[in-house]
Amino acid sequence: MVEAVDIDILSLLLVLSVAWVFGALAERLGYPTMMGELFAGIAFGPALIGLLRPSELLSVLSELGVFLLMVYVGMEVDLRELFELGPQSLLIAFGAFVIPFGMGYAAGVWLAISTGAALFLGLAMAATSLATKSRILADLELLDTRIANVLLGGALASDVGVLIAFAGVDSYVTVGTFDPSEIGTILLQAVGFFAVTLVLGYRFLPVAWRYIERQRERYGFVDRTTAFTFALLVSLLFAYLATLAELHMIVGGFMAGMFLRQADVEPDLYEHMHTVMYDLAMGFFAPVFFVTVGFQITFDVFFDTPGILAVLVVIAFLGKIIGSWLFSLPTSLTSLEGLVVGFGMNGRGTVEIIIARVALEADVIDQSMFSILVFIAVFTTALVPVTVTWGVRLLESADELVYVDSGVPTED
């Protein structure tokens with residue numbers, strides 16, 4: 001028993017070490033940290049060197065990584081901003097979801113895979129990554145442009161839409177077959193979950209936070225650590241409610257994160273809570289998740305099914321661009337701006353990998369399809385800085401790069 005624990009601890013040490021090194025290298029090259037962590041898992045895992053292997057400890061920490069990562073993603077979503085989004089962002093978010101989802105589902109039907117697998121394939125194609133886009137737009141100094149506002153708003157709405165759709169698909173897959181009564185029950189459970197979390201989020205959390213702050217003012221024993229513990233308990237409660245509704249716990253974590261942000265917490269308490277959640281998720285648990293995802297990737301797809309891989313990569317790449325561009329046409333954006341927004345929406349990153357991992361663990365997709373989806377997530381995310389930079393140059397040459405100053409668009 002002692003030897004097994006020692007081996008697990010050594011594995012954890014090695015996993016975090018390679019994640020740190022390769023994540024830093026990825027950032028230095030201008031790419032998201034998770035791409036370096038994935039590469040480390042592939043390079044040092046069973047697929048290549050074989051130095052790192054799956055273990056029970058890594059599996060548990062990986063699951064916690066997914067959960068905390070989705071809580072943090074939820075804390076990055078401002079519901080007020082979501083409800084105040086202009087029609088441009090919402091319309092583009094709709095197009096960037098519906099078109100790739102439909103193309104992905106159609107590809108699943110063409111591949112003759114199960115309905116559940118085809119739905120998950122559609123979801124993976126529709127996924128996007130708000131965090132990735134924020135970093136790239138900041139690096140390119142485009143945050144004060146019209147395309148950045150539309151792109152971030154669309155990515156925000158798309159993230160929420162994909163997670164809600166994920167809840168529905170996860171419910172359907174739980175049933176396994178098309179039984180109207182069973183599916184109706186599952187849908188009612190899902191609706192019940194969202195109803196309960198809405199009540200808890202809007203009614204219970206603000207009251208609870210005010211009580212905590214009163215205790216802090218009166219007695220001083222409620223400190224920032226206590227506030228974070230309460231936030232973690234709320235997240236776990238939402239995750240448990242999700243499992244009761246036969247949904248994945250990440251849906252509960254995401255909802256908890258959104259409502260924690262909206263609870264009007266005292267600024268210093270919320271800042272501490274947000275910082276610790278970020279440090280735990282991004283500094284410890286999430287790297288374990290992405291490295292262990294790399295363990296499960298095989299290179300067989302490049303030799304056994306190269307045609308399927310190529311088709312799905314093309315569908316993924318074109319689906320987001322076509323959907324965003326088509327639904328930008330009725331807006332005030334120019335056609336070229338819509339195209340560049342499509343380039344930006346194309347990076348899937350974390351969300352697609354989580355969807356693929358859930359589908360694999362539920363035995364909905366096989367190892368080959370999982371490897372394809374992870375490759376698509378990495379490939380499309382890697383292309384975003386290149387394609388957006390090229391698109392911005394086109395906008396500048398056409399004098400269509402619009403800056404926003406105090407809410408008033410100005411051309412530069």
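Biologist: Is Ala112 buried or exposed?
Modeller: Ala112 counts as exposed, because its relative accessibility is 67% and the exposed class begins over 50%. Keep in mind that this is a predicted model.

Biologist: Where does Ala112 lie?
Modeller: Ala112 lies in the loop between H5 and helix H6, and H6 covers residues 115-126. Ala112 also has a positive phi of about 60°, although it is not a glycine.

Biologist: Where do Arg357 and Glu361 lie?
Modeller: Both lie in helix H16. Arg357 and Glu361 are 4 residues apart, which is about one turn of the helix.

Biologist: Arg357: buried or exposed?
Modeller: Arg357 is buried, because its relative accessible area is 7% and buried means under 20%. Glu361 is partly exposed, with a relative accessible area of 40%.

Biologist: New topic: the surface. Which residues make the nonpolar surface patch?
Modeller: The patch is made by Leu48, Ile49, Leu51, Phe299, Phe302 and Phe303. The area of this nonpolar patch is about 630 Å².

Biologist: Take Phe303. Where is its place?
Modeller: Phe303 is in helix H13, which runs over residues 301-304. Phe303 counts as exposed, because its relative accessibility is 65%.

Biologist: Now pockets. How much space lies in the second largest pocket?
Modeller: About 210 Å³ of space lies in the second largest pocket.

Biologist: What lines the second largest pocket?
Modeller: The second largest pocket is lined by 14 residues. Ile42, Ile297, Phe299, Phe375 and Val378 are the ones that lie nearest its centre. Phe299 is also one of the residues that make the nonpolar surface patch.

Biologist: Which helices each supply at least two residues of that lining?
Modeller: Helix H2 (33-44), H13 and helix H17 (367-397) each supply at least two residues of the lining.

Biologist: How do the residues of the lining divide into nonpolar, polar and charged?
Modeller: The lining of the second largest pocket has 12 nonpolar residues, 2 polar residues and no charged residues.

Biologist: Let's do pairs that are separated in sequence. How many residues apart are Leu16 and Phe284?
Modeller: Leu16 and Phe284 are 268 residues apart in sequence, and their C-alpha atoms are 7.4 Å apart in space. Leu16 is found in helix H1, residues 2-28. Leu16 counts as partly exposed, because its relative accessibility is 24%.

Biologist: And Val98 and Lys320, how many residues apart are they in sequence?
Modeller: Val98 and Lys320 are 222 residues apart in sequence and 9.2 Å apart in space, C-alpha to C-alpha. Val98 is in helix H5, residues 87-110. At 32% relative accessibility, Val98 counts as partly exposed.

Biologist: What about Ile308 and Ile372, how many residues apart in sequence?
Modeller: Ile308 and Ile372 are 64 residues apart in sequence, with 8.8 Å in space from C-alpha to C-alpha. Ile308 lies in helix H14, which covers residues 306-328.

Biologist: Why does Ile308 count as partly exposed?
Modeller: Ile308 counts as partly exposed because its relative accessibility is 26%, and partly exposed is the class between buried, under 20%, and exposed, over 50%.

Biologist: Last pair: what separates the C-alpha atoms of Ile212 and Phe230?
Modeller: The C-alpha atoms of Ile212 and Phe230 are separated by 9.3 Å, and the two residues are 18 residues apart along the chain. The place of Ile212 is in helix H9, residues 180-219.

Biologist: Is Ile212 buried or exposed?
Modeller: Ile212 counts as buried, because its relative accessibility is 11%.

Methods. Residues numbered from 1 in each chain as written. Predicted model: local features only at pLDDT ≥ 70, side-chain atom pairs only at ≥ 80, totals over all residues. Heavy atoms only, no water. Patch = residues over 30% accessible without salt bridge, like charges linked within 9 Å, V, L, I, M, F, W, Y side chains within 5 Å. Areas by Shrake-Rupley, 256 points an atom, 1.4 Å probe, with all protein chains shown as cover. Salt bridge = Lys/Arg side-chain N within 4 Å of Asp/Glu carboxyl O. Buried < 20%, exposed > 50% of the residue type's maximum accessible area, 1.4 Å probe, protein only. 1 Å grid on protein atoms, 1.4 Å probe; cavity = no way out; pocket = protein on both sides within 12 Å on 5 of 7 lines; lining within 4 Å. Points joined across faces, edges and corners; volume = space filled by probe spheres on them. Nonpolar A, V, L, I, M, F, W, Y, C, P; charged D, E, K, R; others polar.
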